[in-house]
Amino acid sequence: MAKPKAAPDWATPPLTIHQAAEALGFSRDSLDLALKDPGVEVGVHFELRGNRKVFYKENILEIRKVLIRCASN
């Protein structure tokens with residue numbers, strides 16, 4: 001019997017805020033504070049699922065840009 005194919009990259013499940021903070025090397029509280037920056041937008045930096053924030057790979061990349069900008073100020 002053949003092995004099932006691996007799921008494509010676009011089908012990966014999103015990260016929770018705890019997992020996203022860990023991936024970025026921050027605490028959850030620090031990530032929460034960074035998400036309150038006026039430059040952070042829903043749909044670009046995170047997505048809402050009910051009252052929870054979820055993060056896809058492209059969201060993490062965009063958050064890193066915000067964090068670098070905040071760190072340089």
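**Terms and values**

Modeller: Start with helix H1, residues 17-24, where Ile17, Ala20, Ala21 and Leu24 are the buried residues. They span an arc of only 100 degrees around the axis, which puts them on the same side of H1. The arc is taken over the directions from the helix axis to the C-beta atoms. This is a predicted model: local features need pLDDT of at least 70, side-chain atom pairs count only at pLDDT 80 or more, and totals for chains, interfaces and linings use all residues. Residues are numbered from 1 along each chain as its sequence is written, and side-chain values use heavy atoms, with hydrogens and water left out.

Biologist: What makes a run of residues a helix or a strand here?

Modeller: Both are DSSP runs, numbered from the N terminus: helices are H or I with at least four residues, strands are E with at least two. Strand E1, for instance, covers residues 47-49.

Biologist: Which exposed residues does H1 carry on the face turned away from its buried side?

Modeller: His18 and Glu22. After H1 comes Gly25, with a positive phi near 80 degrees.

Biologist: Why is Asn59 called buried?

Modeller: Buried means under 20% relative accessible area, exposed means over 50%, and partly exposed lies in between (1.4 Å probe, protein chains only). Asn59 has 1%, so Asn59 counts as buried. Asn59 sits in helix H3, residues 57-72.

Biologist: What does Asn59 touch, leaving aside neighbours within four places in sequence?

Modeller: Gly43, Val44, His45, Phe46, Glu47 and Val54. Contact means heavy atoms within 4.5 Å. With such neighbours again left aside, Val44 is in contact with Asn59 and Glu62. Leu48 touches Val42 and Lys53, not counting residues up to four places away in sequence.

Biologist: How do you know that Asn59 has a polar contact with Tyr56?

Modeller: A polar atom of the Asn59 side chain lies 2.8 Å from the backbone nitrogen of Tyr56. The cut-off is a pair of N or O atoms within 3.5 Å; within protein, one must be able to donate a hydrogen and the other to accept it, and residues adjacent in sequence count only if both atoms are side-chain atoms.

Biologist: Why is H1 called roughly perpendicular to H2?

Modeller: Their axes come within 9 Å and cross at roughly 95 degrees. That makes H1 roughly perpendicular to H2, because 65 to 115 degrees counts as roughly perpendicular, under 35 as roughly parallel, over 145 as roughly antiparallel and the rest as oblique. Axes are lines fitted to C-alpha atoms, for helices over the stretch in contact, and angles run from 0 to 180 degrees between N-to-C directions.

Biologist: What makes the buried residues of H2 line one face?

Modeller: In H2, Leu31, Asp32, Ala34 and Leu35 are buried. They fall within an arc of 165 degrees seen down the axis, so they line one face of the helix. The face turned away carries exposed Asp29 and Leu33.

Biologist: Which residues touch the most other members of the largest nonpolar core?

Modeller: Leu24, Leu31, Leu35, Phe55 and Ile63, out of 14 residues. H1, helix H2 (28-35) and H3 each supply at least two residues of this core. A nonpolar core is a set of buried Ala, Val, Leu, Ile, Met, Phe, Trp, Tyr and Cys residues joined through side-chain atoms within 4.5 Å.
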